[in-house]
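Student: Could you take me through this structure by question and answer, giving the cut-offs as we go?

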Amino acid sequence: MSIHYLGKVYNSAKSRSLKGTNVQCLFLSNNRATPEAWPGKIMYFFQHDLRLPGSIMATKHTFAFVQFFRPYSASDSRKYEKQGLEVWSSKYSAISRDCIVPISRIYSQVAVAKKEIRRRNENRNSESFPLVIILTCSSLRQFNDRPCL
């Protein structure tokens with residue numbers, strides 16, 4: 001399923017094309033003063049009809065079920081951050097009520113590239129960590145003055 005919202009087409013993971021499934025959603029931070037953008041993948045859309053008592057018409061609300069990527073913080077992600085990219089774990093966060101997002105909270109689509117980083121652990125064995133490197137609309141603004149469309 002796909003929806004058209006603010007001039008863009010957003011697809012769910014169940015649609016034919018995976019283009020437009022990776023998005024950033026805005027949430028208020030813990031101090032409730034600034035918004036935070038979290039990247040994730042839209043799994044599906046659903047609608048809820050709300051009819052208040054004494055009301056003739058029902059109001060439709062459209063939601064997206066989004067699985068968010070886990071944060072990744074390590075020193076080897078700094079080289080990407082200097083280039084204006086964000087590094088996130090390729091694993092999804094646990095499913096919670098935050099996964100149900102009104103479509104008005106979808107900020108933008110994001111481009112996702114998967115990469116593995118190899119590191120040696122304390123036993124001198126090589127471990128690989130699958131990561132997601134994300135090019136966001138705010139990343140693009142660093143490099144050119146034009147707004148993202």
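Student: Which residues is Gln-67 in contact with, leaving aside its neighbours within four places in sequence?

Tutor: This is a predicted model, in which local features need pLDDT of at least 70 and side-chain atom pairs count only at pLDDT 80 or more, while totals for chains, interfaces and linings use all residues. Residues are numbered from 1 along each chain as its sequence is written, and side-chain values use heavy atoms, with hydrogens and water left out. Taking contact to mean heavy atoms within 4.5 Å, Gln-67 has as its partners Gly-40, Lys-41, Met-43, Tyr-92 and Ile-95.

Student: Is Gln-67 buried or exposed?

Tutor: Buried means under 20% relative accessible area, exposed over 50%, and partly exposed in between, with a 1.4 Å probe and protein chains only. Gln-67 lies in strand β5 (residues 59-71), where strands (E, at least two residues) and helices (H or I, at least four) are DSSP runs numbered from the N terminus. Since its relative accessibility is 16%, Gln-67 counts as buried.

Student: How many disulfides does the structure hold?

Tutor: A disulfide is a pair of cysteine sulfur atoms within 2.5 Å. The structure has none that qualify; for Cys-25, the nearest cysteine sulfur is that of Cys-99, 9.8 Å away. Cys-25 is buried at a relative accessible area of 0%, and Cys-99 is buried at 3%. The number of disulfides is therefore 0.
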